[in-house]
Amino acid sequence: MKHLQTGLLMAGMVAGAATMAMTSAQAKEIVVGMACDRTGPTQTVGVMLCPAYHDYVKLINSKGGIMGNKIRVVEIDTQYKVPASVEAYQRFKKEGAVVVALWGTPMTQAITSNLNADHIPGTSPGFGTAAAANGEKYPYLFPMAASYWSQAGAAVTFAKQELGGNIKGKKIAFIFYDNPAGREPIPVLEKLAALEGFELKKFAIPPPGVEMKVQVQDITRRYRADFVISHLFGKGPSVHIKEFKRMGYPLKKLLSFVWGAGEADINGAGGWAKAQGYNALNFAGVGSDYAILDEIKAMYKAEGKDAPEAMASTVYYNRGILAGAVHLKAIEMAVKAKGSGDITGEDVQKGFLAIKDFKLGGILPPLNFTDLDHEGGGWARVFRVEGDNFVPAGDWLRGYRDVVIEMLKAE
Amino acid sequence: MFHRESGYFNTTYKADMALYPLPIAKFAIAAILVLFFVVAPYFLDEYYLSIINLVAIAIVGALGLNILVGYTGQISIGHAAFMSVGAYTAANLATKLDLPFWLTLPAGGAMAAFIGILVGIPSLRIKGLYLAIATLAAQFIIEWVINHTPTISGGVAASIEMPPPEFLGKELVNQAELYYFLMVIMVIALVGAMNLIRSRIGRSFIAIRDQEIAAEIIGINVFKTKLIAFAVSSFYAGVCGVMYTYYLGIANYENFQLITSIDYLAMVIIGGLGSILGSILGAIFITMLPIVIRLLMETFGSIFVDDAALAQVIAQFRLIIFGGLIIVFLVVEPDGLAKLWQNIRNYFRFWPFSY
């Protein structure tokens with residue numbers, strides 16, 4: 001018995017020593033946290049966006065990781081709830097995440113102060129308050145995509161292009177979901193209306209944001225808007241395409257913000273044939289014609305699998321690629337600067353600021369982060385329904401950047 | 001649980017009415033206090049403390065709802081709206097007037113209680129499902145008012161950043177510091193509720209629940225008592241909202257929507273209507289079960305599928321298991337977890353000589 005005990009002890013010690021030797025020889029594992037909504041009210045986006053993030057990380061890991069350091073994603077489904085998101089954030093912190101992807105405007109607001117206290121950078125592409133893009137005030141929050149203010153600037157620029165370069169005296173209608181996120185672009189639009197001399201009229205859609213017959217009738221028949229900018233969520237975009245179509249309004253003169261830009265919105269409106277000409281803003285490229293997507297398909301093919309189903313939504317899938325790509329680029333910059341995989345959130349924050357003209361073969365706008373501008377430039381691109389596809393209507397654009405920056409500083 | 005009750009004879013009414021008539025119960029309470037106030041914060045990681053924090057907040061809210069629904073028998077689906085009243089009151093007072101937490105907490109509760117009384121007025125005339133709809137209206141009206149009144153909501157974003165609570169000149173920022181803050185408030189709320197229930201007012205709540213006409217005949221002012229129930233319940237909701245606001249660092253109405261009201265109703269129904277212990281167990285169940293299921297699935301799920309696919313599996317299965325367990329527990333014991341606990345206790349009381 002005694003011998004057995006000693007033998008077991010010895011074996012245990014040898015095994016322990018062996019594992020220790022192995023872990024020290026291995027490169028460091030870098031942890032990233034991702035809050036995701038796969039089962040809550042924004043699940044239609046989450047089930048496309050989150051797999052894309054995983055795919056991008058898998059692709060990088062299959063190529064050996066970042067300078068030999070593998071990336072591990074800790075994903076937590078928060079169901080778009082604030083307390084669950086705070087719990088998720090604490091979990092990411094416990095796991096040692098060096099960067100976290102947040103999800104949802106109120107959740108981002110709740111976690112922002114934690115990010116600054118814990119020195120962990122967090123990202124909020126396409127949501128969160130626009131004022132949060134001010135990196136001097138919120139050093140650890142990176143919206144890394146056009147905020148609603150920047151989208152408003154881009155929308156007016158596009159309207160100006162479509163209306164022949166001069167919008168003085170033109171009538172522009174803004175139809176929006178009546179919640180804080182929906183109202184956020186209004187200050188910018190009002191400023192631009194004064195600056196450019198166009199007439200702005202606002203039409204609020206009360207929650208749940210799916211009944212808008214009256215407002216659309218008002219816009220098309222009574223107000224007779226020259227151009228319509230819309231900012232709706234969930235099922236709202238589908239409904240408004242249908243309603244504008246029914247009123248015989250040319251969809252070419254309708255531009256949606258980024259959450260009305262998905263394939264599902266077009267299908268929900270009755271299919272591509274019915275939505276011809278509809279415009280939507282995007283902060284990541286749309287379509288499957290990008291080298292990075294081919295690489296992911298090739299990776300799956302090498303494993304003998306089909307391309308993931310989520311790829312069918314090129315809009316949301318590509319936004320997930322944006323999140324993954326920018327995170328991993330920032331980590332790469334941090335690892336390069338540090339010379340090893342032993343990085344902290346502070347290093348990654350500096351890594352974000354070191355990103356210059358990151359385009360990833362055109363699927364992203366040329367992203368540049370500065371101490372003040374954590375949006376990466378505030379780029380957006382209009383995609384238009386033509387045939388069975390979204391096709392780009394013009395290049396990446398950012399409108400009235402000076403106005404937006406001025407507001408950022410003022411906030 | 002494993003103690004004997006024989007041999008203790010109370011000779012005064014006071015001793016008979018004590019919260020803990022048996023010495024062992026006093027020791028048990030002391031042990032639980034030591035466990036949660038000394039041992040747990042010392043050994044547990046900040047992450048686990050943050051979960052306990054969430055549970056503590058939920059307990060306060062559930063206690064408030066149970067006073068109204070469980071003890072007085074007045075159904076309310078507007079509980080989350082009262083929380084938002086408390087949250088925004090406290091946030092405004094803390095940011096505009098720089099008031100400390102020991103003023104914002106009762107002020108948030110008091111404001112919620114005031115609104116609660118207004119919402120409770122219809123309860124004199126309508127009952128049951130009709131009252132549920134009236135409180136549902138309150139949920140939407142309060143939400144709309146906050147959303148559209150910049151002086152309350154703090155501007156377009158409808159969210160106010162809350163400064164951290166300050167105790168003796170020290171800001172309580174991380175989860176470990178907030179832990180003591182929230183736990184102390186929870187204990188005060190708990191002791192308050194336990195005492196309220198065995199007071200004259202608490203007994204009149206129960207009388208109204210059991211038979212309103214009979215209660216009126218024996219001299220209970222039904223109107224007044226119902227409004228007190230609404231006020232106390234909303235006060236608890238308001239305090240719960242303030243706790244959320246300090247915990248999250250923002251007051252935001254999107255955190256207090258209808259779904260949150262339903263969550264709290266689920267807590268008191270699963271925990272046990274008309275039971276203090278039930279409120280606690282229900283709050284623990286609804287708050288922690290999704291987290292526990294996820295942790296278990298993360299640990300064992302990776303045996304079957306790879307990490308990326310697991311994320312999708314966990315998200316979906318968690319809901320199925322969560323819903324399934326709610327049904328299981330309600331079928332096993334419709335009177336809630338508190339009754340289940342009581343059954344277990346009763347079984348072991350006579351064990352091994354149960355008949």
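Let me start with contact, which here means heavy atoms within 4.5 Å. By that rule, 28 residues of chain A are in contact with 35 residues of chain B. This is a predicted model, in which local features need pLDDT of at least 70 and side-chain atom pairs count only at pLDDT 80 or more, while totals for chains, interfaces and linings use all residues. Side-chain values use heavy atoms, with hydrogens and water left out, residues are numbered from 1 along each chain as its sequence is written, and chains are lettered from A in the order in which they are written.

The size of an interface is often given as the accessible area lost when the parts come together. Chains A and B bury about 2,900 Å² between them, 53% of it on carbon and sulfur atoms, where buried area is the accessible area (1.4 Å probe) that two parts lose on being put together, summed over both.

Turning to charges, the rule finds 5 salt bridges across this interface, a salt bridge being a side-chain nitrogen of Lys or Arg within 4 Å of a carboxyl oxygen of Asp or Glu. The side chains of K93(A) and E46(B) meet in a salt bridge, with 3.2 Å from N to O.

Now to the rings. Two charged ends sit over rings, meaning that NZ of Lys or CZ of Arg is within 6 Å of the ring centre and within 35 degrees of the ring normal: that of K171(A) lies over Y223(A), 5.3 Å from the ring centre, and that of R319(A) over F283(A), 4.7 Å from the ring centre.
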